[in-house]
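The following paragraphs lead the reader through a structure step by step. Please keep the sequence and the three-dimensional view at hand while reading.

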Amino acid sequence: MKVTIKYFGMLAEAAGKDEETLEVKGGLSATELKDQQIRKYQISDPESVQLAVNQDLNSEIELKEGDEVAFLPPFAGG
Amino acid sequence: MRYDRQIKLDIVGVSGQEKLGNSSVLIVGVGGLGCPAAQYLAGAGIGRIGLMDHDKVSITNLHRQVLYDGFDVGKPKALVAKEKLQRVNSEIEIVAIEEALTIENAEMFFNQYDLILDGTDNFETKYLINDACILAGKPWVYASVYKNEGQLSVFNYQGGPSYRCLFPKTTRQNVSCEATGVLGVTPGILGMLQAAETLKIILGAGNVLSGKLKLINILSGTDQILKIQPKQEEIEKIRKQGIIPVRIDCEIKDAGKTYLDVREAFEQPKVNSENVIHIPLGSLQDRLSEIPNLEEVLVFCQSGIRSRKAVEMLQKEFGFQNLKNVEGGIETLIDG
């Protein structure tokens with residue numbers, strides 16, 4: 001199944017893009033997808049990264065075809 | 001009459017204007033976010049505005065901190081901002097607080113205002129505002145900037161989620177606008193949106209951005225709103241334990257060497273140990289005597305760029321032969 005990932009802040013820099021669509025195996029959870037991408041892009045401080053599935057910040061979700069997953073880092077500039 | 005143009009709006013009217021006049025807002029940090037927020041809130045006639053900032057105006061602030069001009073460089077931000085805003089609106093009370101927000105003073109200050117507007121630029125203070133707002137029972141209007149992106153939300157509003165519900169765990173990678181660079185308009189837009197949320201809360205108008213996180217990207221022109229799930233345990237924890245300090249200190253792995261940190265004092269993660277000397281890049285020339293010139297000194301900054309400049313400058317102009325740049329910056333020196 002296909003899912004779309006949106007990267008924000010420094011995660012977009014680590015991934016080299018702010019969006020990508022991936023083919024993933026059915027039944028994958030949002031957290032598993034996160035672990036996979038964290039390894040792929042060597043993202044540091046992974047426990048601070050929050051996930052939103054279809055604009056809802058809740059990572060305890062099994063992904064479905066066409067889902068959009070946002071990878072959101074904390075930042076504090078001002 | 002001063003407020004005529006907003007009183008004409010049905011969400012304001014005479015009674016709304018009275019609400020604004022009877023309200024009070026504490027702005028913590030009068031920088032890139034706090035300046036535009038303060039200007040519009042003063043203009044709108046908020047009865048009492050607290051301006052809390054312990055910093056002084058620097059020339060590198062002027063491109064985004066729009067209350068200050070070239071004559072203000074070196075002066076305390078809170079005092080300058082008060083003076084300028086009082087010229088915009090002489091009918092309101094403006095309180096300059098030339099202090100840093102601390103665990104000791106946060107609740108005391110927050111108790112004196114109806115809501116808190118976050119104009120800060122670091123995680124420690126954002127968690128501190130969050131915790132003190134939970135304890136004082138005040139809503140706060142949050143914003144953060146990273147390069148061309150911004151985050152905006154209202155926390156602790158009518159039982160809504162807190163900042164800890166959004167980010168239960170923080171990161172050591174606090175990168176400030178000073179470090180990453182930022183267009184002045186980005187915190188400007190976010191600060192104005194914070195002022196808008198503040199006015200909505202006071203007027204009881206529209207949909208307050210509570211339980212939602214607005215993400216703004218000024219380059220792509222796309223905005224998104226994400227729904228934040230409340231985590232009651234994160235709020236209860238603060239009610240039971242009080243303010244939980246977030247410190248972004250860290251240890252250097254190889255403690256047997258001497259280090260020179262050329263970052264500014266506000267940059268994080270902070271490293272505090274005896275073998276680390278802290279002199280910001282811009283002050284090196286004035287503080288040469290503090291730099292050891294015999295044993296090897298490892299020079300670092302956030303990413304390795306400023307420290308490379310520092311090493312080159314100290315070698316070429318002042319003859320230091322014992323300095324080595326830490327390529328890759330602080331992250332390569334610390335654990336985790």
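Strand 4 of chain A and strand 8 (residues 222-228) of chain B run parallel and are joined by two bridges. Here L57(A) has I228(B) of strand 8 of chain B opposite to it. Strands, like helices, are DSSP runs numbered from the N terminus (strands E, at least two residues; helices H or I, at least four), and two strands count as paired if DSSP finds at least two bridges between them. The model is a predicted one, in which local features need pLDDT of at least 70 and side-chain atom pairs count only at pLDDT 80 or more, while totals for chains, interfaces and linings use all residues. Residues are numbered from 1 along each chain as its sequence is written, and chains are lettered from A and ligands numbered from 1 in the order in which they are written.

The two chains meet through 20 residues of chain A and 36 residues of chain B, where contact requires C-beta atoms, placed from the backbone, to lie within 7 Å. On the side of chain A that touches chain B, strand 3 (50-53) and strand 4 (56-57) each supply at least two residues. That side comprises nine nonpolar, eight polar and three charged residues. In this classification, Ala, Val, Leu, Ile, Met, Phe, Trp, Tyr, Cys and Pro are nonpolar, Asp, Glu, Lys and Arg are charged, and the others, Gly among them, are polar.

Chain B is assigned domain 1 (4-241) and domain 2 (258-332), with bounds from an automatic or database domain assignment. The C-alpha centres of these domains of chain B are 34 Å apart.

Where in chain B do strand 9 and strand 11 pair, and in which sense? Strand 9 (residues 258-261) of chain B pairs with strand 11 of chain B in the parallel sense over four bridges, and L260(B) has V299(B) as its bridge partner. Strand 11 of chain B also pairs with strand 12 (residues 323-325) of chain B, in the parallel sense over three bridges; there the bridge partner of V299(B) is N325(B).

In a regular strand the side chains alternate between the two faces of the sheet. Strand 11 (residues 297-300) of chain B is covered on both faces, with V297(B) and V299(B) buried on one side and L298(B) and F300(B) buried on the other. A residue is buried if 20 or more other C-beta atoms, placed from the backbone, lie within 10 Å of its own.

Conventions: A residue is buried if 20 or more other C-beta atoms lie within 10 Å of its own, exposed if 12 or fewer, and partly exposed in between; C-beta atoms are placed from the backbone.
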